[in-house]
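Thanks for making time this morning.

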Amino acid sequence: QVQLVESGGGLVQPGGSLRLSCAASGFSFKYASMSWHRQAPGKERELVATITGTGNTLNSLDAVKGRFTISRNNAENTVYLQMNSLKPEDTAVYYCKAIGISVWGQGTQVTVSS
């Protein structure tokens, strides 16, 4: 079955960096567009960035442009989210998802605080 396992979250100070990973299995990863989403407390889940199977990327949130970068390694069935210059408003649970597949992982908590 489809599995998505996010990791790499944690507590970081404002201005710091984190790299999130999402290990995928149970589908043809190299053909799938993948996305990162986030959900802050009391807010709806929002799309952060998307990457196609061939590596074309789209950052969907103006708030993260120039700071977050999505990438993937098809040999390892893994998608990444490099997050730099983190701000307190980036605090959220981050999830990855395969486009067109209605499965979510457990998410990974990112907390940006001094």
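Predicted model: local features only at pLDDT ≥ 70, side-chain atom pairs only at ≥ 80, totals over all residues.

What you see here holds 1 disulfide, a term used for a pair of cysteine sulfur atoms within 2.5 Å. Residues are numbered from 1 along each chain as its sequence is written, and side-chain values use heavy atoms, with hydrogens and water left out.

The disulfide joins Cys 22 to Cys 96, with 1.8 Å from S to S. Cys 22 lies in strand S3, residues 18–25, and Cys 96 lies in strand S9, residues 92–98, so the pair ties together parts that are 74 residues apart in sequence. The link of Cys 22 and Cys 96 is right-handed, with 40° about the S-S bond. Are these two cysteines, Cys 22 and Cys 96, buried or exposed? Both Cys 22 and Cys 96 are buried, where buried means under 20% relative accessible area, exposed means over 50%, and partly exposed is in between, using a 1.4 Å probe and protein chains only.

Turning to the fold, the chain has 10 strands and 0 helices; both are DSSP runs numbered from the N terminus, with helices being H or I of at least four residues and strands E of at least two. The radius of gyration of the chain is 13 Å, close to the 13 Å that the globule rule gives for 114 residues, so the chain is as compact as a globular protein of that length. That radius is taken over C-alpha atoms, and the globule rule is 2.2 Å times the number of residues to the power 0.38. Of the 114 residues, 43% count as buried. Among contacts with a separation of 6 or more, 51% come from residues 24 or more positions apart, a contact being heavy atoms within 4.5 Å.

Finally, two loop residues deserve a look. Asn 77, in the loop between strand S7 (68–73) and strand S8 (78–83), has a phi near 50°, a positive value in a residue other than glycine. Ser 85, in the loop between S8 and S9, likewise has a positive phi near 50°. For background, most residues other than glycine have a negative phi. Asn 77 is partly exposed, with a relative accessible area of 27%, and Ser 85 is also partly exposed, at 41%.
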